[in-house]
Amino acid sequence: MELTRLIAPLARLGDVASVVSAQANMVILECSDADTVMAAATLGGELDRPIGVWLEITSGYSAALCARDVATLSWLIDLEHVVVAATEKSQSHADVVAALLTNDEVNFTNDVAVIAHAYNRPAPPKPITVWSFDGTSVHRGGTELIESSGAHFAEISLTTFA
């Protein structure tokens, strides 16, 4: 499995669809100077294949809000992956996001959240793979992907994790 993180400023968003089409790997989009979810949503009619988004958990953007945004975005574009990045406890935050991507009642507890009798409807129309990024590598279950290559052109950065 390989994931390619594509970082682009909002001004270069028009180039993202062609870059995504040219990549062999799953592309995970991050907008460097604007809201990634909003930027990705604008690409709905331009993409010819599924993508993912790279979202950063902060004190002002919780895993629960991230899950809400991912669920909503999944109805606007063909979304298959989300990478949840956090300076601390990224896997725990990713677990919260994954738990909330369902139509079912969520009762969940870990070291970053206690969720009781919560709903995040509607759930995505298809399963979304949730990854965590700890600042060095991308993780999901027992799979670890480390940076294997990178490229930079026209304000767009591509980093492949394998």
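Thr-159 touches Leu-3, Thr-4, Arg-5, Glu-147, Ser-149 and Gly-150, leaving aside residues up to four places away in sequence; contact means heavy atoms within 4.5 Å. The model is predicted, so local features need pLDDT of at least 70 and side-chain atom pairs count only at pLDDT 80 or more, while totals for chains, interfaces and linings use all residues. Residues are numbered from 1 along each chain as its sequence is written, and side-chain values use heavy atoms, with hydrogens and water left out.

**Thr-159**
- Thr-159 lies in strand 10; strands (E, at least two residues) and helices (H or I, at least four) are DSSP runs numbered from the N terminus.
- Thr-159 counts as buried because its relative accessibility is 14%, where buried means under 20% relative accessible area (1.4 Å probe, protein chains only).
- Thr-159 and Val-82 stand 77 residues apart in sequence and 15 Å apart in space, C-alpha to C-alpha.

**Helix 1**
- In helix 1 (residues 13-22), the buried residues are Leu-13, Val-16, Ala-17, Val-19 and Val-20.
- These buried residues pack against several elements, including strand 1 (3-8), helix 2 (36-41) and strand 10 (156-161).

**Helices 3 and 4**
- Helix 3 (residues 63-73) packs with helix 4 (residues 90-99) at an angle of about 45°, and their axes are 8 Å apart; axes are lines fitted to C-alpha atoms over the stretch in contact, and angles run from 0 to 180 degrees between N-to-C directions.
- The contact is made by Ala-63, Ala-64, Cys-66 and Ala-67 of helix 3 with His-93, Val-96 and Val-97 of helix 4.

Definitions and conventions. Buried < 20%, exposed > 50% of the residue type's maximum accessible area, 1.4 Å probe, protein only.
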